[in-house]
Every structure is written in C-alpha cells, then in structure tokens.
Amino acid sequence: GDGDGDGDGVPEEARGSLSPRARGMAIYLLGVFFASLTALSVRLMHDAGVPVDVVLLLRAIAGLALCALGLRARAVEHPLGRRRGVLVARGVVGMAAIYCFFATAAYLPLADASVPSFVSPLVTTIGAAAVLRERVPAIVWAAFPVCGVGALLVIQPSFLFGSDARSLRAVGVGFGAAQALFGGASKLFIRVLSGGLNARGGGTHSHSQSRSRSEAFAAAAPGNIQKEHPLTIMLYTNAVCLVGMSLLVMTTPSAPHIHKSTATGAYLMFLWISCTLTGFGGQLCVTAALGLTSASSVMPMHYTSAVYAAGAGYFILGETIGWTEGFGIALVMAGSFAASAAAYREGEEEKKKTAAAAAVK
C-alpha cells in the first residue's frame, strides 16, 4: 500500500529478471560508492574550516526536503510510518552513526576511516542474536579478535609500537570506534523496519532454530510488525539530525573558521551539494538494499569502500598507506568477510530446510 508494489524504493520496470538478492547487492554497491564520495566531501569541507555539526545540519535540511518530496511524488500511503516509536529510535541511532562517520572521515586518513564500517556488521549480527534470537555462527565470535588485531595494526598505538607509532588523532580513533557500534545498531534497525521482520514478527533472514521474542509478540498482536518505506526511515533520520545538530550548533561556542584563502563560496557550495546528494543517495541505496536481502549477502560489496577511500586519499589528499597499516586493513576485512560468509551459508541452508519442510507438507 505504498505505491510501488513492495516498498523497496525500486521502480517495478527497473527490476527486470534479477533476483531480490542480486538487486540488493547492486543497489548496495552503488550506495557504498556514494558513501565514499560523501566521506571525501566531508573531509574537504572540514579541511576548509567547516565543523562536522554544521556539515551534518546543512545536509539534514536538504535531506529532509528531498525525503518529503520523494514521499509525496511516490504517493506513499503511510509517509510518517506505522511504528513511529521505532522510527524515532532509529533516527537517534542513525544520527549518531552519521555524525561519527563524518567525524571519522574528518579526523582520520580516508583509508583508515573506512575500517569501522567493516566491523559494524559484526555488531549487527550480535544485536540480531539479542533482539531476534538468531543463532550466531562461531566464526563471528572468532572474527572479533581478528578484527581487533587488525585495528591495532591500523592505529599502531605507542604502547605497542613505541617510537614507530602513528600519530593519529585520538578523537578520530574514538569516533571510529563509536561509528562501528552505532553503524551496526543502525543497520539492525533498518533490517527490522524495512523487512527484516516478516508479517508474523519472525526474521525474514533468520537463522534461528527457536521462537523469537518478536515472533511471540506478534502472535499476541497480529499485524503489529509492518514494513516501512525507505524514504520514511530516512525522513525520521534527517528530522532527528536537524533537531540534534541545531542544538549542537547553538550550544557550541566556536563558530566555523573558513579559510578564505583556500575555500571560495562556490567551492564550499559544490562540496555541500556533493555531500548532500551523495549522502542522500547512499542512505537510500543502503536502506533499500537491506530491505531486499540480508546484510551478509551485501557485505562483499562493502569492501569496495576501502578501494575508493585509498584511491581518493592518494590521488586527491596525498595520503599513502604503509605496509603495516595496509595489512591491518586487510585483516579486518578478512575477519569480517569470513563472518559474513558463514552467516550467508547458514542462511542458505536454513532456506533449503524450510523449503524442504514446506514441500513435505
């Protein structure tokens, strides 16, 4: 009842014969590319003297307008959603995730800033185990220390590397850790709101062998769990960002310090438009993709962000990657990929078992 058939934000005529998983992977790949451009735009704006909170505030204003126009153009039946409390909660978590993403891109080299996004799917998996009662593959637990070692090789703290330690800003490292946490929680909310829970409250990509909390709740209140449109989810995120960043800007004593010698008005306007459009496009693509398929299915597409970040950092910002740092990034990617692949295989096996059981009946 949202004007586009299944509410995934993809026009019917553009789907062709691709499976939902293939469409989700393609859309997610585009979203990762957009997110990389957003990170570059944020970094350049920050280098020009525009604080992160101001960047996010300006983007939220434009994003809110784009969401409202999109909902109106698509004649979505419930533009403000059905589960508004969950939408507001996701908006708060989403605001924190975006702010940390922007701050990490502003204070760390772009290749390093891409690392937290490889850890966030592990957080999503653990969260799904707690909320949806899904069974967590053993390799996911093993992936955490592997990713931890990789992160240490990227950061190269002085207590381990002594005089060879990297001089990364502590604030950037802190925001990176927070980004992994909030990013994982945000994706869990997206999954719940955009189809991760089916009409009976169970996980549509669940690997659970037991009855979930949400399934039990839905049995008592049929029809309570419903799918939300991607633009509706984004509407709440931008609205919360508008309020939150407005308060932060008003309570922050230091005003933006824009270096006029290196940043003209036209240059900053270009960066703001780039940040807004690529950020909006990235949000829409990721939200729509996670409504089509599981997070483990699209995770391989996410690793392209390291290539985009390293390329932009080298060719535009003059950043280079050392061997130790590069090995650390690869280690984090390997740990995350192994966990995602295991979750994907278990999901496929569960689907086969479900199909076989249905055929017998």
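Predicted model: local features only at pLDDT ≥ 70, side-chain atom pairs only at ≥ 80, totals over all residues.
Visitor: Let's start with aromatic rings. How is a pair of rings described?

Guide: Two values do it: the distance of the centres and the angle of the planes. In this structure the count comes to seven aromatic pairs. One of them joins phenylalanine 33 and tyrosine 308. Their centres lie 5.3 Å apart, with 75 degrees between the planes. That pair is edge-to-face.

Visitor: Where in the chain do phenylalanine 33 and tyrosine 308 sit?

Guide: Phenylalanine 33 is in helix H1, and tyrosine 308 is in helix H13. They are 275 residues apart, so the pair links distant parts of the chain. Tyrosine 308 is partly exposed, at 28% relative accessible area. Phenylalanine 33 is partly exposed too, at 36%.

Visitor: What kind of pair do phenylalanine 118 and tyrosine 303 make?

Guide: Their planes stand at 45 degrees, with the centres 5.5 Å apart, so the pair is tilted. This pair also links distant parts of the chain. Phenylalanine 118 belongs to helix H5, while tyrosine 303 is in the loop between H12 and H13. Both residues are buried.

Visitor: How do residues along a helix come to point the same way?

Guide: An α-helix has 3.6 residues a turn, so residues three or four places apart point the same way. Leucine 30 lies in helix H1, residues 20-47. Leucine 30 is partly exposed, at 42% relative accessibility.

Visitor: Why is helix H12 called largely enclosed?

Guide: Count its buried residues. Six of the eight residues in H12, residues 295-302, are buried, so the rest of the structure largely encloses this helix. Among the buried ones are Val298, Met299 and Met301.

Visitor: Which helices do the buried residues of H12 pack against?

Guide: They pack against H1, H5, H11, H13 and H14.

Visitor: Now the backbone. What is the phi of alanine 75?

Guide: Phi is near 50 degrees, a positive value in a residue other than glycine. Alanine 75 lies in the loop between helices H2 and H3. Glutamine 156 also has a phi near 50 degrees. Its place is the loop between helices H6 and H7.

Visitor: Is glutamine 156 buried or exposed?

Guide: Glutamine 156 counts as buried because its relative accessibility is 9%. Alanine 75, at 55%, counts as exposed.

Conventions:
Residues numbered from 1 in each chain as written. Heavy atoms only, no water. Helix = DSSP H or I, 4+ residues; strand = E, 2+ residues; numbered from the N terminus. Buried < 20%, exposed > 50% of the residue type's maximum accessible area, 1.4 Å probe, protein only. Contact = heavy atoms within 4.5 Å. Phe/Tyr/Trp six-rings, centres within 6.5 Å; stacked < 30°, edge-to-face > 60°.
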